Amino acid sequence: MSGHSILLKIFDDNKDKILEAGKYDKTEYDEFIINLKNAENIRINILENIKEMNSIDAKKLGEKSGISEQAMQCNIEYLKELGSLKFMGETSRFFQNIIDESLKKDTFPNVSIIRDTNLCCGCGLCVSICPVNAITYIEGTFELNEEICINCGLCFAGCPRSFFPRVIKHSNEGINTTIKHSESVNNYMEIYSAQTQDTQIKQVAQDGGIVTTLLKTAFQEGLIDATLAVGESENPHCPLPMFVRNEIELLKTSGTKYSNTPSLKILSQSKKFNKIAVVGTPCMMEALKKMSFYPLNKPFYENISFKIGLFCMESFDYNSILELLHNEFDRSPAHVKKMDIDKGRFYLYNEDGTSVDIPLKRIKKYGRLGCFFCDDLTAEQADISIGSIGSESGWSTVIIRTQKGADLFERALKRNLIDKKKINEEEKSFITLSNIAKSKQKTYKDNRRPKMIEQEPKKRIKNFDEVPFGLTEDLAFKESLRCLQCGRPLCVTGCPVNIDIPGFIKRIKLKKNFDAIHHIKTYNLLPAICGRVCPQELQCENSCLLNSLGEPISIGYLERYIADWERKNQLKECPDCKPTNNKKVAIIGSGPAGLTCAGELAMKGYDVTIFEAFHEGGGVLVYGIPEFRLPKEIVKSEIETLKMINVKIHYNSIIGKTLSIDDLREMRFKAFFIGVGAGLPIFIQVPGLNLNGVLTANEFLTRSNLMKAYRFPEYDTPIRVGKVVTVVGGGNVAMDSARTALRLGAEKVIMVYRRSEAEMPARKEEYHHGKEEGIDFRFLTDPIRFIGDENDNVKEMEVVSMELGEPDASGRRRPLPIPNSEHIIETDTIILAIGANANPILTRSIPELKLNKRGYIETDENGQTSIEGVFAGGDIVTGSATVISAMGAGKKAAGAIDNYLTNL
Amino acid sequence: MFLIKNEYYFNVLKMPYKILKKKDLGSSNMLVEMELEVPLIAKKARAGNFILIRINEKGERIPLTVADYDRNKGTITIVFQIVGKSTKLLSDLNEGNELLDVVGPLGNEIHVKRYENPIIIVGGGVGIAPCYPQAKELKEAGNKIITIIGARNKDLLFWKEKMATVSDEFIVCTDDGSEGRKGVVTDPLKEIIKRETIDHVIAIGPLIMMKFVTLTTNGSGDLPKVKTWVSLNTIMIDGTGMCGGCRFSTLDGEIYFACVDGPDVDGHSVDFDNLLKRSGRFKDQEEESMRCYCQEHGYSQKKEVQ
């Protein structure tokens, strides 16, 4: 069976290494392997059952495998996170985007991904779990030695932050009818306000001194022979996890340490004790709970007798504590006797007994980022949880959660070591605790993204001004604060041009707008454009960590904000360029792909010339996208930036007509980038196509946008818009046409699309805008005939209703006509927006250039075509796609061109 | 030598689009000939090609067929008739003035080779001009060229001598008989087709003229069918196959683009009736544009522009 499991093979292959590391002896190793093998076999079995049943029903699966529904759910979560349930459409939370490679191996990645995405809560469990001691914890974070690591992924599997099944969260140990459940504090038996009666403890302890008192009781009763607690290191207020073996040592560890302590990193040393108590924060309790459900490193778990949890709002790295003391109090830790939080304020006690305090919210910013993702205030997974919230000064709130916890508390009472007052759910104390716990549960949910103010729909359909106004300075700053500044930012991997998104947002946060724009432009020279027309919801914002937990950062809005700020202040920020190397590169087409490629190469020091067929630069940005979505001034301004870094641009130059590739070679161009787009409109094959009033979206939009026909007769190019305009199609181009028609005075605009709303490829934001503006959407409707009057002017469109059948090659359900559902739409203008094909003008002029069946240029992944030195990217390679994907192709090709010319 | 060539291209790319010569043609005050300094286009231009021009920032993109080219001088010649605001604006420019944009050469060139039988070239009105390079190139290739040119009256005729020099047989007709034969171009066309075997006919002129030429040569009557090329000067924006504004329908209902599939196309396949209706689709706007222009410049619309 071991042959089926890569994990078992890893352990098998590394047996010597593991035994040498010393965490397991031979017997423990064998026992662990047996556990692991059982668990793996169960999961293999579950996978087979899922395939057979073709559903993921925990109850049914459990019945079939003979395990509890709860255990089944844990296994399902595990498999889901491992990516094994992809075939059922179930994906892992968000790691999959960047760890696909390791998932292919059927093991989890190592835990450094948790650190790099700022999720690490600093519990230290991974250090203990690692069978080969590859992980060490230093200064608020851990280091993973890749050379030692055996890639077993146990650290990730055990980490409380990687995944924590809800079924574990709400589970309780043992069946006990006296267990109550509250939304805010989870499962509990009783809640008390309590105070120690031990005079020694009273002197040193925080609040009620209950933790120390309970541990003392446990020692005295012989329930434990050691406890994992936190003492102080040589540095004042710098905590140090340690095992305490008796009451005397215990007193030294009393008192709260606000600095994060990775206590569980020494859990593996607990083997020398028979029965231990673990005192720790909610995340540590979660870690221990998770271990009880998965066979990860049981030898270190089974000797835990008591789990004592501490309330925790957030923890602070030691360095952050130093920063806090310095910034807020101008103190060094040596001069601080004690720190405390009480009644919404943070107190600092001096050596002489005096104190200073500040509101709690001022210390928030020093908190650990990983704590942002924690919804557990009251250490829900402990046997007994203790904290100050909900009790008056000098008292502690005690939540007894399990029978074990209740017994221990009872013994302390019997020894008269504790004074207690019961707290009922209706009491003020409980309500306070409950409210604070709830506030932690929804911290990030309250952090909503800002809304941009938009022009009123009624007003905006009468003008061509931009619809959203952009973020104000204040909102942009506030939004920048929400960014988590991840160490391994997922947003960057979601961006086709890999902009350092956290980098520019950080500069906005520091109010260094100038640096921010400079920083963006090293990655992307067209931020004002991308900020407006990129489908961020499918790219960077989709990958944003906050997206999986709430609302993602408004990356697009911020990018637009910073680019607009630059223009408003008439700054022309240029990226840093390498000195010129005098190598000439020709860029054919000035659309998004060409502009990006040109900018990238200019920054690398190349002598770049763009050849554009039209009289204006920007390609689809000027002829396709309307003014109200992308003001043409912005395109001009972004092209100006390119000129400033010495990119030359020649208009009215059609390569393949005005100049040939051979001419360009004579002009000493050494490399070529073809980014001519997919400009040839597709027609549907229906009768009446050539009636007057039937036109392509390309013609309609080019007239309005490039030729400014919306300002006819001031501009000479005419445009004809009837009373009822019907647009055929469901993409962004169709949307742009419909909204342009409204603005040109159409009384009614109808959009017919043959699939349903869900399949519509237009950006959601634009669809929403269109709906607000009153466009009449007719889904599942397909034209079959255009009907004209005696002068060949279109007057009606005959359509048929559709229904969705089986999925087609694109994965979308194929629309099929419903028999006898033909009906008439009265209309006097029909705009066809059903896509575009490759324009053959350039490609025909270079017969040796290899094309695919549909006339698009064939390239490798870096844009290299079949001809040496000739590269291509954007729609002419991929067919119609987005602005940013074309830019991504331009950027990639620039890298390949640089490579090519450097090695020439 | 290499260096010089390299610099040459960059220099001409920077050149403005200058009007070197301008003259009125005929005596109608409606026809203008211009010579434009556009070395790159002149270098590549062939019979059948057209260019697109834009006069100023607010101007339309206007397609104009190449009526002559001089590769050495780096010029091309255009001939246009004043029909609306844009052509009026263009006619108001003088030698030494510049156009904002000129792009080309666009469209497909004609097939030039030595054909066995003579070729008839029929030019009507302003369409006489683009006949010239076709006749010239075909004549140079050793073909016998029979040219028929026609117009409503003698004031609208031009380039008689120029056309005669590239023709083996040269016939002039006017509707009113003020010069040459009285009658339409299809009259001599019929006679010639009856008289001898013709390889093909090239017809360039108003849509209605081209329609009747194709009806004459389609073999429907007692005359033999003769392959006929017509040159379509439809409404265009980009001229590169992008907008589809120039599209025309064949009699079988297929859609083609004049800009990239033409402008010279098989005349017998074209649905002229549809094309005639399509050509007038911006009539109202064209009139409005002209009215505004005339008001602005104090012209009386009727008097100055026919």
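Gln195(A) is buried, with a relative accessible area of 17%; buried means under 20% relative accessible area, exposed over 50%, and partly exposed in between, with a 1.4 Å probe and protein chains only. This residue sits in strand β5 (residues 190-196) of chain A. Helices (H or I, at least four residues) and strands (E, at least two) are DSSP runs, numbered from the N terminus. The side chain of Gln195(A) reaches the backbone oxygen of Gly394(A) at 3.1 Å. A polar contact of this kind is a pair of N or O atoms within 3.5 Å; within protein, one must be able to donate a hydrogen and the other to accept it, and residues adjacent in sequence count only if both atoms are side-chain atoms. Not counting residues up to four places away in sequence, Gln195(A) touches Lys202(A), Gly208(A), Ile210(A), Gly394(A), Trp395(A), Leu417(A), Ile418(A) and Asp419(A), where contact means heavy atoms within 4.5 Å.

The model is predicted: local features need pLDDT of at least 70, side-chain atom pairs count only at pLDDT 80 or more, and totals for chains, interfaces and linings use all residues. Residues are numbered from 1 along each chain as its sequence is written, chains are lettered from A and ligands numbered from 1 in the order in which they are written, and side-chain values use heavy atoms, with hydrogens and water left out.

**Chain A overall**

Chain A has 36 helices and 31 strands. Its C-alpha atoms fill a box of roughly 105 × 65 × 60 Å along the principal axes. Of the 904 residues in chain A, 60% are buried. Among contacts in chain A with a separation of 6 or more, 68% are between residues 24 or more positions apart.

Gln269(A) is partly exposed, with a relative accessible area of 39%.

**Helices of chain A**

Helix α3 (residues 26-53) of chain A has 28 residues, which at 1.5 Å a residue should span 40 Å; its end C-alpha atoms are 40 Å apart, which agrees. The expected span is 1.5 Å times one less than the number of residues. At the N-terminal end, Asp25(A) caps α3(A), with a side-chain oxygen 3.2 Å from the backbone nitrogen of Thr27(A). After α3(A) comes Asn54(A), with a positive phi near 55 degrees.

Helix α31 (residues 697-706) of chain A is mostly covered, with 10 of its 10 residues buried. Among the buried residues of α31(A) are Glu699(A), Phe700(A), Leu701(A) and Arg703(A). The elements that cover them include α28 (620-623), β20 (680-681), β21 (694-696), α32 (732-743) and β29 (829-832) of chain A.

Helix α27 (residues 592-603) and helix α36 (residues 883-902) of chain A pack at an angle of about 35 degrees, with their axes 7 Å apart. The axes are lines fitted to C-alpha atoms, for helices over the stretch in contact, and angles run from 0 to 180 degrees between N-to-C directions. Residues in this contact include Thr596(A) and Glu600(A) of α27(A), and Gly890(A) and Ala894(A) of α36(A). An α-helix has 3.6 residues a turn, so residues three or four places apart point the same way.

**Backbone geometry**

| Residue | Phi |
|---|---|
| Ala379(A) | about 50 degrees |
| Lys708(A) | near 55 degrees |

Ala379(A) is in the loop between β12 (355-359) and β13 (384-387) of chain A and counts as buried at 0% relative accessibility. Lys708(A) lies in the loop between α31 and β22 of chain A and is buried, with a relative accessible area of 13%. That loop also holds Pro713(A), which is joined to Phe712(A) by a cis peptide bond with omega about 5 degrees.

**Chain B**

A cis peptide bond, with omega about 5 degrees, also joins Gly262(B) and Pro263(B). Pro263(B) lies in the loop between α8 (258-261) and β17 (264-266) of chain B.

Val32(B) is in strand β2 (residues 31-37) of chain B and counts as buried at 2% relative accessibility. Leaving aside neighbours within four places in sequence, its contacts include Leu25(B), Ile78(B), Phe80(B) and Ser91(B). Val32(B) and Phe10(B) are 22 residues apart in sequence and 31 Å apart in space, C-alpha to C-alpha.
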